[in-house]
Amino acid sequence: MTLKVNGPQSEVQPTMWGIFFEDINFSADGGIYAELVKNRSFEFTEPMMGWKEVKKEGTGNVLIVNRESGHDANPRYAHITVDAAKGSYGLFNEGFRGMGFKKETLYNFSILARSTGGQLVGKLLLLDDKGVVIGQTTLPAVGKEWKQYTATVKTDRTVAKGGIQLLFAGNGALDIDMVSLFPQDTWKQRPGGLRNDLVQLLADLHPGFVRFPGGCIVEGRDLANRYQWKKTVGKVEDRTLIVNRWNTEFAHRAPGDYFQSYGLGFYEYFQLSEDIGAAPLPIINCGMACQFNTGEVAADEDVAVYIQDALDLIEFANGSTATKWGGLRAEMGHPAPFNLRHLGVGNEQWDSQYVARYQRFEEVLKAKHPEIKLVSSVGPFSSGERFDYLWSKLKPSKADLVDEHYYMPPEWFLKNADRYDNYERKGPKIFSGEYAAHVKTPKGQKETDTAEGRNTWESALAEAAFMTGLERNADIVQMASYAPLLAHVDAWQWRPDLIWFDNLRSVGTPNYYVQRLFSNNKGTHTIPVTSDGQPLTGQEGIYASATIDKAEHRILLKVVNATDRAVTYKVALEGAVTAKGAAKQTVLTAKNKTDFNTLEAPSVVVPEEQIITPGKNNVSVSVKANSLNIIQVPYK
Ligand code: AHR
């Protein structure tokens with residue numbers, strides 16, 4: 001094997017390896033958004049979903065009141081009447097598949113409330129799965145005007161699937177809304193913030209970009225339920241909840257209770273991107289709903305509204321604080337611009353109509369915002385002719401990047417590591433915006449019940465092989481992201497996924513570690529790596545790519561061995577010699593190709609590092625069977 005440090009180089013974009021965030025599999029509500037109360041604003045289609053009455057000797061009742069005018073975003077609240085001179089009456093909330101509580105941890109409770117008569121004493125109880133109290137506090141007395149009240153409560157035990165009770169003693173009535181409970185310890189300690197462990201896993205990827213908010217949820221089942229970013233910013237109580245597009249389709253473990261509260265909205269997505277050093281890449285609806293569902297499209301004359309949404313989004317992200325939307329960003333706590341540089345138009349729109357729509361966006365956006373790179377889309381590779389048709393139309397466009405999706409079997413990834421070697425170099429660059437190797441349950445075998453069970457080492461290894469091809473072609477492939485990103489083990493609709501979690505724990509899959517190794521060894525420029533003068537694209541099951549980091553003077557060689565035998569290579573360096581400093585090999589492998597990580601056994605497939613000692617102008621690399629290897633060598 002030869003590494004040509006003096007060979008032709010192309011720049012690796014800082015955006016090369018990123019993440020794709022979609023609110024699927026309870027990724028947002030019930031996931032990274034740390035809110036524990038389900039249906040906190042009583043706005044689910046069935047307003048009491050997630051809630052139950054609790055009568056502890058006292059009596060009472062609850063009515064859901066709908067303010068039909070003047071409160072479009074959050075029309076409902078609960079009116080509670082209590083008759084409990086003895087005992088109490090109140091409500092229980094079950095959380096999203098229960099509530100996870102950690103031992104001796106503080107939780108912040110808040111509620112919008114007003115008293116409508118009498119005098120009540122309120123209490124908040126944190127319960128385990130059997131109803132035993134693990135923490136409690138008395139709530140502040142409620143006045144006559146709507147106001148937010150807060151309280152803090154501490155737990156005495158760890159519980160994976162608990163709940164809360166809100167109990168009132170005395171005689172009287174009150175109205176409540178936005179009943180909320182968050183752990184105090186959120187990411188960056190932000191009140192109403194994100195789950196620490198999940199954000200940390202994302203931060204550890206050092207992603208070059210965050211694509212958000214999807215996926216099919218950008219499109220919606222119909223246009224009324226599309227993702228409208230303007231309804232996701234401002235005060236949380238003023239954000240309009242909608243049913244999640246993943247609520248019923250593939251309804252595995254989301255039987256009708258999957259909604260988007262938008263507590264994680266566009267401001268928070270921009271903030272998350274900034275926090276983890278990633279470029280934000282929002283995707284906006286182009287006036288077309290999901291073709292898997294209604295395929296509804298906006299009337300031609302209404303497309304201007306969608307284009308205006310895009311322009312306003314740029315103003316929200318980058319505009320001066322004197323502008324309407326830039327001003328809102330400042331009001332929300334971020335006067336500095338978010339430095340938006342990429343914008344996606346449409347997700348997986350495969351009708352011919354998409355091209356005409358896209359062109360209308362392009363015309364306006366390129367004229368008004370030449371600084372923004374536009375991402376167009378050709379949808380899923382598996383759609384065959386439609387994919388090719390869209391490409392033929394988009395090639396001559398001014399799109400900066402075209403988004404390709406492939407959910408294919410591992411064999412496809414192994415065979416397609418050279419996919420971009422001879423791709424058209426003129427025209428748009430490539431964004432591999434959604435990909436994952438999907439293993440099938442072998443014939444005669446029972447489908448695995450373990451949620452994480454599809455994230456096998458076989459799938460991850462195939463992706464690693466394919467990613468060497470993405471890296472080798474970094475001149476044209478400028479962004480890539482695995483999909484989907486997050487999944488709750490008790491509430492998923494799609495698998496495999498990159499990271500699994502429950503109410504308390506999270507685990508990186510083998511696929512996660514593949515992403516992490518490539519992203520953390522990105523380098524700044526590609527260099528050729530060859531065997532017998534040819535790039536290694538799977539000949540005899542070996543795949544390789546290499547970059548150098550010019551700032552750190554490191555060679556970063558990636559070798560994937562997709563065979564069942566170990567191999568040793570003498571890798572010759574051309575155009576550079578090795579320098580003093582730590583050289584190391586990181587190996588990711590598993591005993592069996594069917595191995596996977598679970599919440600219970602998170603370290604079955606994890607990277608291991610070893611120090612290596614290179615020669616002056618060569619390095620000897622031993623490569624285990626079925627392994628991904630990252631070899632880091634300092635050079636001068
Ligand atoms: O990642 C899951 C789904 O796959 C996305 O929502 C969609 O873009 C694709 O079909």
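Strand β30 (residues 583-589) and strand β33 (residues 627-634) run antiparallel and are joined by six bridges; helices (H or I, at least four residues) and strands (E, at least two) are DSSP runs, numbered from the N terminus, and two strands pair if DSSP finds at least two bridges between them. Within this pairing, Thr 586 has Ile 630 in β33 as its bridge partner. The model is a predicted one, in which local features need pLDDT of at least 70 and side-chain atom pairs count only at pLDDT 80 or more, while totals for chains, interfaces and linings use all residues. Residues are numbered from 1 along each chain as its sequence is written.

The pair β30 and β33 belongs to an open sheet of seven strands, whose order is β2-β24-β27-β28-β33-β30-β31 and whose pairing is antiparallel. At the edges of this sheet stand β2 (10-11) and β31 (608-612), each with a single partner strand, so one side of each is left without a neighbour in the sheet. Strands of a sheet pair through backbone hydrogen bonds, either parallel or antiparallel.

Another set of pairings involves strand β11 and strand β6. Strand β6 (residues 76-93) runs antiparallel to β11, with 12 bridges between them; here Ala 78 stands opposite Ile 176 in β11, and Phe 92 has Gln 165 in β11 as its bridge partner. Strand β8 (residues 106-127) is also antiparallel to β11 and is joined to it by 19 bridges, with Asn 108 opposite Phe 182. Strand β7 (residues 99-101) is joined to β11 by two bridges, again in the antiparallel sense, and Phe 101 stands opposite Val 159 there.

Six bridges link it to strand β4 (residues 51-56), where Lys 55 has Tyr 89 in β6 as its bridge partner. Eight bridges link β6 to strand β5 (residues 59-66), and in that pairing Asn 66 stands opposite Arg 76.

A nonpolar core is a set of buried Ala, Val, Leu, Ile, Met, Phe, Trp, Tyr and Cys residues joined through C-beta atoms within 7 Å, where a residue is buried if 20 or more other C-beta atoms lie within 10 Å of its own, exposed if 12 or fewer, and partly exposed in between, with C-beta atoms placed from the backbone. The largest such core has 182 residues, and those with the most contacts inside it are Val 210, Leu 461, Ala 465, Ile 499, Ala 544 and Leu 557. Strand β11 (residues 159-183) supplies the largest share of this core, 11 residues. If residues up to four places away in sequence are left out, Leu 557 touches Leu 3, Val 529, Ala 544, Ala 546, Val 571 and Ile 631, contact being defined by C-beta atoms, placed from the backbone, that lie within 7 Å.

Helix α6 (residues 353-368) has 16 residues, which at 1.5 Å a residue should span 22 Å, and its end C-alpha atoms are 23 Å apart, which agrees; the expected span is 1.5 Å times one less than the number of residues. Its buried residues are Tyr 354, Arg 357, Tyr 358 and Phe 361, and they pack against α4 (303-318), β16 (342-345), β17 (373-380) and α7 (385-394). Helix α10 (residues 510-519) is mostly covered, with nine of its 10 residues buried.

Pro 370 lies in the loop between α6 and β17 and counts as exposed because it has 9 C-beta neighbours inside 10 Å. Arg 454 lies in the loop between β19 (429-437) and α9 (457-472) and counts as buried because it has 22 C-beta neighbours inside 10 Å. Leaving out residues up to four places away in sequence, Arg 454 touches Val 439, Arg 495 and Pro 496.

Which residues surround the ligand? They are Glu 22, Ile 24, Gly 214, Gly 215, Cys 216, Asn 347, Glu 348, His 405, Glu 434, Ala 483, Pro 484 and Trp 494, a residue being near the ligand if its C-beta atom, placed from the backbone, lies within 6 Å of it. By class, this shell has five nonpolar, four polar and three charged residues, where Ala, Val, Leu, Ile, Met, Phe, Trp, Tyr, Cys and Pro count as nonpolar, Asp, Glu, Lys and Arg as charged, and the others, Gly among them, as polar.

How values were computed: Contact = placed C-beta atoms within 7 Å.
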